[in-house]
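Please look over this model before reading on.

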Amino acid sequence: MSENAIIGVDIGTTSTKTTAFDLSGNILAETSREYPLYSEPAGRAEQDPDEILEAMIDTLSQIVKTVTDMGNEVSGVSFSAAMHSLIAIDKSGNPLTRSITWADQRSTEETTQLKSDERGLSIYRRTGTPIHPMSPLTKLIWFQKHDPEVFKATHKWISIKEYIFYKLFHEFIVDYSIASATGLFHLEKLDWDDEALQVAGISREQLSSPVSTTQTIKGMNSDYAREIGLSEEIPFIVGASDGVLANLGVGAIETGSVACSVGTSGAVRTVLPKPVTDSQGRTFCYALTEDHWVVGGPINNGGIAFRWLRDNVFDDMKLKDSEDPYDLLTERARNVVPGAQGLLFLPYLTGERAPYWNADTKAVFFGLTLNHNRNEMIRSVLEGVMYQMDSVVEALKETGVEPLEFRATGGFTKSRLWRQIMADIFEREILVPEGSSSACFGAALLGMNALGILSDFSSVKDMVQISSRHEPNEENMRVYREFKPIFNRLAKSLQSEFKTLSDVNKKLNNTKAAL
Ligand code: ADP
């Protein structure tokens, strides 16, 4: 007897991952394909939309073939995509730009200006997207000023997922979730925000029609249908963004359940029934469905800080073939007492987003003495990343969230010590879900909901397997409670000094360039 399968496609910044699940959430087949990120000139981070389309078609056709060969029938295909991408499209539907990703820094100056304008905070409060170079809103202001030719010739401004749906179905539609991360979308009205459009200098006709994340669409272009190996009548679910789907995919969907990931960067996210923004502009709010809103904050300096330590401080480390340098470093940190003998690390190696949203921040070791050596530095780096994550949790609490449990994902979960540090600093139990691609699983779950297979998300928690749990240790908690306020005060009080340092660096670089 043939079983039904649902496919989740996650269009990420480095690759597209495509996974088929059975209707109980078990993985049937998975694959992925990478594509390049173009980063010239400095500060740019773009991708070729057609390379991404090709990766999507390629991975999807592979998975369709595998599951149908296994005797399964595909019930639907549901989509996740990275937030904040922006592509200019001309009247004939051709791209005038590459896909400009969240990581692209071109609109730094426009961001500073909009933040100092009172409209900045009021737009954020209605649209839920922090005013930042990642946001399409600030990129549109950049195009107005710096590329008027493209700006004038653009018929539609869309994201990478809209591009793919346009190619497959010849319609410009955008789900509420991707729309809610543009900085242009009024969360309460579920429609484009007039003032944001005015600031961006575009009309609503230049944007796609917003639709629910559970919207299904049929009637795929027959050439693509043939290439993928699916009937044109198979429902495609428009889906949502990767961040909010990751919450669903790890089962952090009920009140009080918080998803926290630390990969290269990091994020803390929880689900609320209504959109909520922060009076100080610290947190984001993005749609999962009309009744599920994901509130949280991203940090730039997650695992990247540990990677910096491995590559720049322990670059002399001698390794045997089978050894993982991270494991060797965490082993050394395990022998250092919690609190690293008073050594604190502010991990701002690459500027910081939540909670201060300051691109000028720099990293700091604070409290060094003659007694400290590299082992204390390792421990303080691991702890510093978690203090920073905790400061985002604190900002979330101020918007009315009361965290009861944390579900942790990302590369840091490979380290038992780092997971325990998280539990001790957060003072809550940490659960680590199994599985690698929570966004794909989230997309599949949303797809099941759209197709009526899952009537709501109440059973999702039970579909997610937990691989390990960590209770906070009372003694360690007491130690971290002493250091946390010092970390937070330091971070706050240094914000203006970071700016001064940046200005000095810029001045010196300009002088050097002029010589
Ligand atoms: P990405 O977000 O780029 O997908 P990952 O989720 O793979 O990244 O996380 C990568 C980070 O995970 C590394 O930078 C490192 O800080 C951390 N990491 C990887 N392996 C280990 C390990 N064995 N122990 C501790 N941390 C690790």
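The points below cover aromatic rings, a sheet and a pocket.

1. Ground rules. This is a predicted model, in which local features need pLDDT of at least 70, side-chain atom pairs count only at pLDDT 80 or more, and totals for chains, interfaces and linings use all residues. Residues are numbered from 1 along each chain as its sequence is written, and side-chain values use heavy atoms, with hydrogens and water left out.

2. Aromatic pairs. There are 21 of them in the structure. Rings of Phe, Tyr and Trp (its six-membered ring) pair if their centres lie within 6.5 Å; planes under 30 degrees apart count as stacked, over 60 as edge-to-face and the rest as tilted. Phe21 and Phe441 have ring centres 5.1 Å apart and planes at 40°, so this pair is tilted. It links distant parts of the chain: Phe21 lies in strand β2 (residues 15–22) and Phe441 in helix α15 (residues 438–450), 420 residues apart. Helices (H or I, at least four residues) and strands (E, at least two) are DSSP runs, numbered from the N terminus.

3. Burial. Phe21 and Phe441 are both buried. Buried means under 20% relative accessible area, exposed over 50%, partly exposed in between (1.4 Å probe, protein chains only). Phe151 and Trp157 form another tilted pair, 6.0 Å centre to centre with 40° between the planes. Phe151 counts as buried because its relative accessibility is 14%. Trp157 has 3%, so Trp157 counts as buried.

4. Cluster and charges. One aromatic cluster is made of Phe79, Phe165, Phe169 and Phe236. Arg98 places its charged end over the ring of Tyr38, 4.0 Å from the ring centre. The criterion: NZ of Lys or CZ of Arg within 6 Å of the ring centre and within 35 degrees of the ring normal.

5. Sheet. Seven strands form an open sheet with mixed pairing, ordered β17-β18-β16-β15-β21-β22-β23. Two strands pair if DSSP finds at least two bridges between them. The edge strands, β17 (284–289) and β23 (466–470), each pair on one side only. Strands β16 (residues 266–272) and β18 (residues 292–299) run antiparallel, joined by seven bridges. Val271 has Val294 in β18 as its bridge partner.

6. Pocket. Which residues line the second largest pocket? Gln280, Arg282, Pro355, Tyr356, Ser391, Glu394, Ala395, Glu398, Asn488 and Lys492 do. A pocket is an open set of points on a 1 Å grid over the protein atoms alone, where a 1.4 Å probe fits, with protein on both sides within 12 Å along at least five of seven lines; lining residues have an atom within 4 Å of a point. Helix α13 (374–398) and helix α17 (474–514) each supply at least two lining residues. The largest share, four residues, comes from α13.
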